Amino acid sequence: MITFDPDALNARVAELEQSMGEPGFWDDQKRAAAISSEHARLAKRRDRYNSLSGDAEDLTQLLELASDDGDLDDVEEAVKALKRQLERVQEDALFSGEYDAGDAVVTLQAATGGTDAQDWTEMLLRMYLRWAGDRGFQTELIEASPGEEAGLKSATFTVSGENAYGVLKAERGKHRLVRLSPFDQAHRRHTSFAQVIVSPLLPDDVDVEL
């Protein structure tokens, strides 16, 4: 079971702030950048939790007032908003991996299925880019190799935003599409596959062990 520990979060933020206040903090640019990035991420997570706690207290008072006059419409809207905030806090607790909070590189590759697989790869690209935009992520298409008849043989794009890699890493693997093929003159049912590869987007100065 994943739990959210606000005390540990506050302690870590305080520890990072102490490090940032030390003399010569910026002498080691690489270390300073890593600490500053972690602090910004955890401070945002802390503020989100504090906002949730404050809104929960306000909701209790609102419920008491609404109970007196019987008007619960405002309470229902406040509950919905509180649930959305709670979902984000619960989501934050899931992303505890080393690279979960950072950006991601996503590569799509057409697998078994010929033209249908290449068409499926292009469909996945459109869906991922649309989903990322709706979530508030920034995306950049790095490359796209067109198929012989339709679709894409492969495509690579980056996704930037809070917890981008943590969210997207669950998409790794083969994705299957079963449909009546528009590329088959007999309109037979075809099964096609596309491979999704998700990697953390690392800074240029990070040492990678092979």
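Tutor: Two strands pair if DSSP finds at least two bridges between them. Strands (E, at least two residues) and helices (H or I, at least four) are DSSP runs, numbered from the N terminus. This is a predicted model in which local features need pLDDT of at least 70 and side-chain atom pairs count only at pLDDT 80 or more, while totals for chains, interfaces and linings use all residues. Residues are numbered from 1 along each chain as its sequence is written, and side-chain values use heavy atoms, with hydrogens and water left out.

Student: In what order do the strands of the open sheet lie?

Tutor: The sheet has 5 strands with antiparallel pairing. Strand 2 (138–146) and strand 4 (173–180) are its edges, each pairing on one side only. The order is 2-3-1-5-4.

Student: Which residue in strand 3 is the bridge partner of threonine 139?

Tutor: Strand 2 and strand 3 (residues 152–160) run antiparallel and are joined by 8 bridges. Serine 145 has serine 154 in strand 3 as its bridge partner. For threonine 139, the partner in strand 3 is valine 159.

Student: What angle does the direction of helix 4 make with that of strand 5?

Tutor: Helix 4 (residues 114–135) packs on the sheet and touches strand 1 (104–110), strand 2, strand 3, strand 4 and strand 5 (189–200), contact meaning heavy atoms within 4.5 Å. Axes are lines fitted to C-alpha atoms, for helices over the stretch in contact, and angles run from 0 to 180 degrees between N-to-C directions. With strand 5 the angle is about 45 degrees.

Student: Is threonine 115 buried or exposed?

Tutor: Threonine 115 lies in helix 4 and touches Glu149, Ala150 and Phe183, leaving aside residues up to four places away in sequence. Buried means under 20% relative accessible area, exposed over 50%, and partly exposed in between (1.4 Å probe, protein chains only). Threonine 115 has a relative accessible area of 17%, so it counts as buried.

Student: Which residue does arginine 179 meet in a salt bridge?

Tutor: A salt bridge puts a side-chain nitrogen of Lys or Arg within 4 Å of a carboxyl oxygen of Asp or Glu. Arginine 179, in strand 4, has its partner in helix 4, 63 residues apart. The N to O distance is 3.2 Å, and the partner is aspartate 116.

Student: What is the relative accessibility of glutamate 148?

Tutor: The side chain of glutamate 148 meets that of lysine 153 in a salt bridge of 3.1 Å, N to O. Lysine 153 is partly exposed at 39%. Glutamate 148 counts as exposed, with a relative accessibility of 60%.
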